[in-house]
Amino acid sequence: MSDSVAGNVSYLETFEESVASLSKLVFIEISDEDSQQALYRLIHAGLIASMETYLSDSFINTVVPSKELRNSVMLTTPAFKEKKYSIAEIVDWDINAANNVKKYLLDVIYHNLFVVQKMFETVLRVQFPSEDDLRVLQKSIDKRHHIVHRNGRNKKGVTLSLEVADLNSTVKCVRQFVLGIDKQMRQPPWLN
């Protein structure tokens, strides 16, 4: 996993290719409705995973190579700033900082928008969309959670039913979110 993230510096292209591939799957028609719904749920989960991959790849590949940004992560993240360090760890810190930060960032759950938003805003000065827009995105993330962890059922046991329009809406929401982040990443606000 570590190498696949580190090797992906074309994170927007990866995102766009994934969304395009998933969007093509929408046109597959299956006569059995249960199977059609299973396909739609997999597409939905894949769209959210594509967004997560963009967020992790863009953040990790921007932060890890930069000593200044790595330091920012370490100074603003409780896992680093609240830990007690031995003298040996302090002496070795500069040598191991990139690996320590990368290891931490690989363990972040990138669909937890609250955590990821704080990281992007604090470290990179990249702003997320309005709360209303994030609420819409969060609903899609919640659906993905039901799909992945409850086999498509909500907490009450009701199976989610998705239509092509729902998937198109998810594509639009996820693309708008990622493109907004990417636009800021291309004009690095952390350098200002």
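Me: Which residues of helix 2 are buried?

Reply: Keep in mind that this is a predicted model. The buried residues in helix 2 are Tyr 11, Leu 12, Phe 15, Val 19 and Leu 22. Viewed down the axis of helix 2, they fall within an arc of 100°, so they line one face of the helix.

Me: What span should helix 2 have, and how far apart are its end C-alpha atoms?

Reply: Count 1.5 Å a residue: the 15 residues of helix 2 (residues 11-25) should span 21 Å. The end C-alpha atoms are 22 Å apart, which agrees.

Me: What covers the buried residues of helix 2?

Reply: The cover includes helix 3 (33-63) and helix 9 (164-186).

Me: At what angle do helix 2 and helix 3 pack?

Reply: About 175°, with the axes 9 Å apart. An angle over 145 degrees counts as roughly antiparallel, so helix 2 is roughly antiparallel to helix 3.

Me: Which residues meet between helix 2 and helix 3?

Reply: From helix 2, the contacts include Phe 15, Ser 18 and Leu 25. Among their partners in helix 3 are Leu 39, Gly 46, Tyr 54, Asp 57 and Asn 61.

Me: Is Asn 61 buried or exposed?

Reply: Asn 61, in helix 3, has 16% relative accessibility, so it counts as buried. The cut-off for buried is under 20%. A polar atom of the Asn 61 side chain lies 2.9 Å from the backbone oxygen of Asp 57.

Technical notes. Residues numbered from 1 in each chain as written. Predicted model: local features only at pLDDT ≥ 70, side-chain atom pairs only at ≥ 80, totals over all residues. Heavy atoms only, no water. Helix = DSSP H or I, 4+ residues; strand = E, 2+ residues; numbered from the N terminus. Expected span 1.5 Å × (residues − 1). Buried < 20%, exposed > 50% of the residue type's maximum accessible area, 1.4 Å probe, protein only. Arc of directions from axis to C-beta. Contact = heavy atoms within 4.5 Å. Polar contact = N/O pair within 3.5 Å; in protein donor to acceptor, adjacent residues only side chain to side chain. Axes fitted to C-alpha atoms, helices over the stretch in contact; angles between N-to-C directions. Parallel < 35°, antiparallel > 145°, perpendicular 65-115°, else oblique.
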